[in-house]
Amino acid sequence: MATNARKALLDGYKVIDFTQYVAGPTVTKLMAELGAEIIKVELAPEGDLSRKFPYIRDQRSAYFVQQNRGKMSLCIDIKTAAGKAIVSDLIPKVDVLVQNYAPGVIGRMGFDYESVSKLNPKIIMCSVSTFGQTGPLSPEPGYDFIGQSYAGVTSLSGEDGGPYYPPALALGDVSTGVHAYAAVATALLHRERTGEGQHLDISLLDSYFHYHDMAVSMVSASHGEARVRRVGNQIGTLSPAGIFTTKTGSLWIFAFQDNHWAKLCEVMGRAELARAKDCIDLPARVANRKKVNEAINSWLATLPGTDAAVTILREARIPHAPVLTVEEAMQHPHLVERGTVRTVHDRILGDFQIPGVPLRFSGFPDPLELQAPFLGEHNRKILTNYLGFSNDRIAQLEKDGVLQSAQH
């Protein structure tokens with residue numbers, strides 16, 4: 001019976017994926033969620049090293065599942081002539097190659113852009129790394145927090161004069177993956193118009209530095225007169241804007257706009273503060289942050305707790321947010337209703353929650369139901385469908401150790 005179901009947004013696009021950990025897999029994870037066909041090349045014998053990242057049950061990693069749903073696994077010994085030949089034969093069959101090895105590694109395998117573009121002139125090759133493919137730091141190994149430190153981001157955390165407290169989640173890795181996904185999508189659009197392939201050089205350091213909203217331009221435009229200072233849980237250039245403590249927890253309050261500040265003063269019973277010379281506008285409030293914050297802290301101390309403050313601030317339309325734990329965020333009705341936190345099913349782990357896909361399309365509102373692959377699960381399918389290998393040939397490759405697999 002014919003089906004009228006619409007194809008996914010990226011249906012028909014094929015990707016060969018040499019990625020592991022976070023930044024690289026984020027690129028292909030987003031593409032898989034939108035319907036692209038992903039061949040995840042895992043290097044024998046262990047495959048993607050994140051298969052061993054916690055939480056693990058029955059040798060199955062929830063971390064790996066979250067990063068690799070919807071991908072096909074080809075576990076191959078690429079150091080063998082047969083393994084290298086298989087990859088070479090696959091490259092003309094795909095639209096995109098994504099890799100996040102340290103610069104030079106993919107070239108030593110024989111699959112730098114110059115080589116793969118000869119095999120497939122229309123291919124989009126996306127290289128994701130900590131420091132980029134060029135520049136003095138490019139050969140250095142790195143992770144999220146290393147790029148963050150070089151970008152001047154770590155230096156902004158914590159109290160002035162105290163220790164640094166960088167955020168304990170992969171902001172740089174994930175955002176680099178998203179930047180890379182945007183570059184891939186744009187390059188594919190360009191190719192649709194011109195037929196041209198190209199190489200994309202996406203770095204974690206570039207992505208992190210891109211997050212500076214005020215600091216860089218402020219320092220530069222002032223010729224160094226303006227300095228960026230750490231102010232702990234406050235936003236240095238705005239006031240009031242920061243985290244405040246209640247009797248039961250903490251919450252962000254953003255009332256730096258004059259109208260929000262006037263409304264906050266009203267609900268605090270301190271309407272005169274909005275007209276006071278030392279609090280009347282943003283520069284004055286930044287200069288007199290201590291006075292502003294003391295007024296807010298005194299008001300919060302009169303309330304039963306965070307919930308009471310949230311109710312008042314919400315009614316007054318003053319931007320705010322309670323500081324939720326991860327567990328509380330996972331249970332919040334807004335996040336659940338929008339699929340921001342999503343329940344998925346894995347063949348070993350069963351049902352569990354992961355972050356949902358943040359890309360929303362009116363024409364394709366429903367997320368795809370996807371599975372993360374076992375190691376080398378799709379060896380036979382890939383070699384049969386893409387390259388027309390016979391069962392006997394595949395069996396010989398398995399016997400020779402070129403192809404490997406495992407049920408986890």
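## The β-α-β unit around strand 1

Strand 1 (14-18), helix 1 (residues 23-33) and strand 2 make a β-α-β unit that is right-handed, meaning that, with the strands pointing away from the viewer, the path from the first strand over the helix to the second runs clockwise. Helices (H or I, at least four residues) and strands (E, at least two) are DSSP runs, numbered from the N terminus. The model is predicted, with local features needing pLDDT of at least 70 and side-chain atom pairs counting only at pLDDT 80 or more, while totals for chains, interfaces and linings use all residues. Residues are numbered from 1 along each chain as its sequence is written, and side-chain values use heavy atoms, with hydrogens and water left out.

Strand 1 runs parallel to strand 2, joined by four bridges (two strands pair if DSSP finds at least two bridges between them), and Val15 stands opposite Ile38 in strand 2. Four bridges also join strand 1 to strand 6 (residues 96-99), again in parallel, where Gln99 is the bridge partner of Phe18. Four of the five residues of strand 1 are buried (under 20% relative accessible area, with exposed over 50% and partly exposed in between, 1.4 Å probe, protein chains only).

## Helix 3

In helix 3 (residues 81-90), the buried residues are Gly83, Ile86, Val87, Ser88 and Leu90. They pack against several elements, including strand 1, strand 2 (37-43) and helix 17 (391-399), where contact means heavy atoms within 4.5 Å.

Three strands form an open antiparallel sheet in the order 9-10-11, with strand 9 (241-245) and strand 11 (320-322) at the edges.
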